[in-house]
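Q: Could you take me through this structure feature by feature, giving the general idea before each case?

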Amino acid sequence: MARTLKVLFRRDPSRDRQRAQIRFEGYQMFWPDGRPVMTGLDAFCHHGQRLLSLGRHLAGYRERFLELICFPLSGREDDLTRIPGHRIRRFYLQRKGRTGRLHFLDGTPTDMVFEMGRDEPRVLHWIGLTTIRDGEQQWFDLAARPLEGTANGLLHGVHAGLAGSLPERQLEPSAAI
């Protein structure tokens, strides 16, 4: 079953940084009620920005609400989840102690690390860290889609355009990975 988070992404240049040849663009994240999302994630590399379509979804604006959708899988070889018009990428979460690091399909680790005791339980459940044991992996497909309505309207309880839910999982035959 898909797990979703609805989050406001607000561009924050003060969180920009560079590590070696990798440039990270900074963001603040907020729940629809305006509270900050408590997570260690505050910047995304080019791949993360593309996956979340931050450039395309922000389209020149400073902030935008996105629905982040995690589709847990039984393994790497599952059919790729399809949502027409959306970029979907396959990752796995590797748990080590109280942390879980996201890895690309080819096994390359990302800088995205989730940590019990630091990140909100809601975020940890969404990514699946609370459902796996130390040393285990959880494969999943990840997608993002913009939510209709303005950030201001959503923060003040006007949920225009949020009617209609995403089907639990839309599958189409996929090309070999």
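A: The turns below go from the overall fold to strands, a loop residue, a pocket, cysteines and aromatic rings.

A: This is a predicted model, in which local features need pLDDT of at least 70 and side-chain atom pairs count only at pLDDT 80 or more, while totals for chains, interfaces and linings use all residues. Residues are numbered from 1 along each chain as its sequence is written, and side-chain values use heavy atoms, with hydrogens and water left out.

Q: How many helices and strands does the protein chain have, and which pattern do they follow along the sequence?

A: Helices (H or I, at least four residues) and strands (E, at least two) are DSSP runs, numbered from the N terminus. In the protein chain they come to four helices and nine strands, and along the sequence the pattern reads β-β-β-β-α-α-β-β-β-β-α-β-α.

Q: What share of the protein chain is buried?

A: Buried means under 20% relative accessible area, exposed over 50%, and partly exposed in between, with a 1.4 Å probe and protein chains only. Of the 177 residues in the protein chain, 42% are buried.

Q: Over how many bridges does S7 pair with strand S8?

A: S7 and S8 (residues 109-115) pair over four bridges, again in the antiparallel sense. Within S8, Pro109 is the bridge partner of His103, and Glu115 is that of Thr99. Here the hairpin has four residues between its strands, and Gly107 in the turn has a positive phi of about 95 degrees. Arg101, which lies in S7, is partly exposed at 32% relative accessibility, and its C-alpha atom is separated by 7.4 Å from that of Asp111, 10 residues apart along the chain.

Q: Which residue other than glycine has a positive phi near 55 degrees, and where does it lie?

A: That residue is Ala20, with phi near 55 degrees, and Ala20 lies in the loop between strand S2 (17-19) and strand S3 (22-30). Ala20 is exposed because its relative accessible area is 64%. Ile22 in strand S3 is partly exposed, with a relative accessible area of 36%, and the C-alpha atoms of Ile22 and His46, 24 residues apart along the chain, are separated by 8.0 Å.

Q: What volume does the largest pocket have, and which residues lie nearest its centre?

A: On a 1 Å grid over the protein atoms alone, a pocket is an open set of points with protein on both sides within 12 Å along at least five of seven lines, and lining residues have an atom within 4 Å of a point. Grid points are joined across faces, edges and corners, and a volume is the space filled by probe spheres set on the points. The largest pocket has a volume of about 870 Å³ and is lined by 48 residues, of which Gly48, Phe91, Phe104, Thr110 and Met112 lie nearest its centre.

Q: How many disulfides does a search of the whole structure find?

A: A disulfide is a covalent bond between the sulfur atoms of two cysteines, and the search asks for a pair of cysteine sulfur atoms within 2.5 Å. It finds zero disulfides in the whole structure. Cys45 counts as buried because its relative accessibility is 18%, and Cys70 is buried at 0%.

Q: How many aromatic pairs are there?

A: A pair of aromatic rings is described by the distance of the centres and the angle of the planes. Rings of Phe, Tyr and Trp (its six-membered ring) pair if their centres lie within 6.5 Å, with planes under 30 degrees apart counted as stacked, over 60 as edge-to-face and the rest as tilted. By this rule there are six aromatic pairs. The rings of Phe9 and Tyr27 have centres 6.3 Å apart and planes at 75 degrees, so this pair is edge-to-face. The pair links distant parts of the chain, with Phe9 in strand S1 (residues 3-11) and Tyr27 in strand S3, 18 residues apart. Both Phe9 and Tyr27 are buried, and together with Phe44 they form one aromatic cluster.

Note on methods: Two strands pair if DSSP finds at least two bridges between them. On a 1 Å grid over the protein atoms alone, a cavity is a set of points where a 1.4 Å probe fits but cannot get out, and a pocket is an open set with protein on both sides within 12 Å along at least five of seven lines; lining residues have an atom within 4 Å of a point.
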